Amino acid sequence: MTNKRLSIDYIEYSSIEEMDEKDRKLVLAAIEAQKGSYSPYSHFQVGAALLLDDGTTILGANQENAAFPAGLCAERTAMFAAGANHPDVGFDTLAIAGADHGILCDNPATPCGGCRQVMAEYQTKSGHPLKIILAGATRILKFSSVNDLLPFIFDSLKTS
């Protein structure tokens with residue numbers, strides 16, 4: 001038996017003003033994307049803004065449905081739209097922002113396991129790390145790779 005340790009590095013900002021302009025614009029786009037949320041059951045609006053390698057920004061918002069779990073998370077709406085409409089363009093950075101009843105949460109909303117796995121798949125497809133920004137009103141976290149959020153990415157179906 002061998003004991004091992006897993007650690008991650010990330011950047012924490014206390015306000016959006018501390019961020020560089022590119023990341024700040026992406027976070028603001030994610031907050032704006034919350035307006036597209038259809039969340040009549042949870043009243044939890046999530047917006048996502050995905051920056052592609054060619055500079056295009058794709059927005060996504062969570063979509064709920066009375067036939068739970070037929071809805072879809074904001075992260076996946078953005079990534080799937082990008083994958084369908086820009087199939088040959090890699091993903092650079094994904095910003096996510098959550099609000100409760102229209103008020104940006106103090107702490108960042110974190111992606112579900114399904115979204116993390118989709119992020120990992122697109123990161124692999126892109127051929128380089130996909131940066132992730134989780135934005136809250138009083139705390140913003142930036143990760144340099146999906147691997148920091150999902151260190152043991154499911155890839156068992158791939159052959160070497």
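Colleague: Where does histidine 43 lie?

Modeller: First, the basis: the model is predicted, local features need pLDDT of at least 70, side-chain atom pairs need pLDDT 80 or more, and totals for chains, interfaces and linings use all residues. Numbering starts from 1 along each chain as its sequence is written, and side-chain values use heavy atoms, without hydrogens or water. Helices (H or I, at least four residues) and strands (E, at least two) are DSSP runs, numbered from the N terminus. Histidine 43 sits in the loop between α1 (21-33) and β2.

Colleague: What is the phi of histidine 43?

Modeller: Most residues other than glycine have a negative phi. Histidine 43 is not a glycine, yet its phi is positive, about 60°.

Colleague: Which two residues does the cis peptide bond join?

Modeller: Most peptide bonds are trans. Here, one with an omega of about 10° is cis. The bond joins phenylalanine 68 and proline 69.

Colleague: How do α2 and α3 run relative to each other, roughly parallel or roughly antiparallel?

Modeller: Helix α2 covers residues 74-85 and helix α3 covers residues 113-126. Their axes (lines fitted to C-alpha atoms over the stretch in contact) are 10 Å apart, and the helices pack at about 25°. That angle makes α2, relative to α3, roughly parallel (under 35 degrees).

Colleague: Which residues of α2 and α3 make the contact?

Modeller: Contact means heavy atoms within 4.5 Å. From α3 come Gly114, Cys115, Val118, Met119 and Tyr122. From α2 come Glu75, Arg76, Met79, Phe80 and Gly83.

Colleague: How many residues of the contact of α2 with α3 are nonpolar?

Modeller: Ala, Val, Leu, Ile, Met, Phe, Trp, Tyr, Cys and Pro count as nonpolar, Asp, Glu, Lys and Arg as charged, the others as polar. In the contact of α2 with α3, two residues are charged and two are polar. The nonpolar residues there number six.

Technical notes:
Axes fitted to C-alpha atoms, helices over the stretch in contact; angles between N-to-C directions. Parallel < 35°, antiparallel > 145°, perpendicular 65-115°, else oblique.
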